[in-house]
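The sequence and the model are shown below.

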Amino acid sequence: MERSRPPARDLAVRSASGLALGLAILGGIYLGNPYWFALCLVICMVSLGEFYRMISRKGHVSRVVGFGAGIFSLFAAVYSNDPAVLLPLLAAAPILVLFVEVARKHILGESHGITSSGGTAAGILYIVLPWSFMVVLRDHMWGSYLLVALFACTWSCDVFAYLVGSRWGNTLLCPAVSPRKTVEGFLGGLTGSLLCGGALAFYWGMAPLPIIMIALFCGTFGQIGDLAESLLKREADIKDSGDLIPGHGGMLDRFDSILVNSALVFFVFGVLW
């Protein structure tokens, strides 16, 4: 969805790092647990750290509680195969933060109860739960297909959005949040996602409806998820969530759309279907 092309060297670096990360994801899906779990755990914890760094620019956040709850959540997801076990933890984490802030107020005379409990819980909901869903989805009867479709359609959306937006993008999509994203790029991304979904369904010889639904999620809500992370970065006054991945920025920059898409895919195929 970008309106201008980066230099050729930057594009090459971005493509190489994206390819390496993509192969790691597909390899983890193919191998399954515990490899898939380990990969999700690493990406989730790095993304959570980046998110908490953004939050801490505006207020206090309890990283100890957030990381502890995040690690426990992922282990609970893989061993119980039921995200419902996470509900007590989701309630307990912000309450525990408030207990810590009560002690801070008593001892130091200051507290950050609102921002710390809210920011800590937001990280768990926004980042940890979607990755927990992806751990659980891998053990679904169609798990490998669902996950490959989820990532492939999201990546296709990104590529087509960039190609169409950089060539024909003129109508700004949401300039107050991301001044370089265009309506043409958005439509190009949606088209790319749908084409990828159709190609996967044909290659796998599957009924197209489930895969096309995933493609539709990735091509619409995934792009909105990208805008949502852009909003967070704008409020935190930073360009990227991190600098871990050459050409992409941080881990959260690379997987912001996946967070939204995985939650939708899990809800439809892991709960309703």
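Helix H7 covers residues 183–204, and because 22 residues at 1.5 Å a residue should span 32 Å, the distance of 32 Å between its end C-alpha atoms agrees with expectation. The model is predicted. The buried residues of H7 include Gly185, Phe186, Leu190, Cys196 and Leu200. The buried residues of this helix pack against helix H6 (143–168), strands E1 and E2, and helix H8 (208–236). Just after H7, Gly205 adopts a positive phi of about 70°.

Strand E1 (residues 172–174) pairs with strand E2 (residues 178–182) in the antiparallel sense over 2 bridges. One of the paired positions is Leu172, whose bridge partner in E2 is Thr182.

Helix H5 (residues 113–138) has 26 residues, which should span 38 Å at 1.5 Å a residue; the end C-alpha atoms lie 37 Å apart, in agreement. Since 21 of the 26 residues of H5 are buried, the helix is largely enclosed by the rest of the structure.

The count of salt bridges comes to 6.

| Pair | Distance, N to O |
|---|---|
| Arg104 and Glu101 | 3.0 Å |
| Asp158 and Arg254 | 3.1 Å |
| Asp226 and Lys181 | 3.1 Å |

Arg104 and Glu101 are 3 residues apart in helix H4 (residues 87–108), so about one helical turn separates them. Glu101 counts as buried because its relative accessibility is 4%.

The side chains of Asp158 and Arg254 meet in a salt bridge. This pair links distant parts of the chain, with Asp158 in helix H6 and Arg254 in helix H9, 96 residues apart. Asp158 is partly exposed, at a relative accessible area of 27%, whereas Arg254 is buried, at 14%.

Asp226 and Lys181 likewise form a salt bridge. Their link joins helix H8, which holds Asp226, to strand E2, which holds Lys181, across 45 residues. Both Asp226 and Lys181 are buried.

A network of salt bridges links Glu229, Lys233 and Asp253. Asp256, located in helix H9 (residues 251–272), is buried yet has no salt bridge; Lys233, the nearest side chain of opposite charge, is 5.8 Å away. Leaving aside residues up to four places away in sequence, Asp256 touches Tyr126, Gly225, Asp226 and Glu229.

Methods. Residues are numbered from 1 along each chain as its sequence is written. This is a predicted model: local features need pLDDT of at least 70, side-chain atom pairs count only at pLDDT 80 or more; totals for chains, interfaces and linings use all residues. Side-chain values use heavy atoms; hydrogens and water are left out. Two strands pair if DSSP finds at least two bridges between them. Helices (H or I, at least four residues) and strands (E, at least two) are DSSP runs, numbered from the N terminus. The expected span of a helix is 1.5 Å times one less than its number of residues. Buried means under 20% relative accessible area, exposed over 50%, partly exposed in between (1.4 Å probe, protein chains only). Contact means heavy atoms within 4.5 Å. Lys and Arg count as positive and Asp and Glu as negative; His and the chain ends are not counted. A salt bridge is a side-chain nitrogen of Lys or Arg within 4 Å of a carboxyl oxygen of Asp or Glu.
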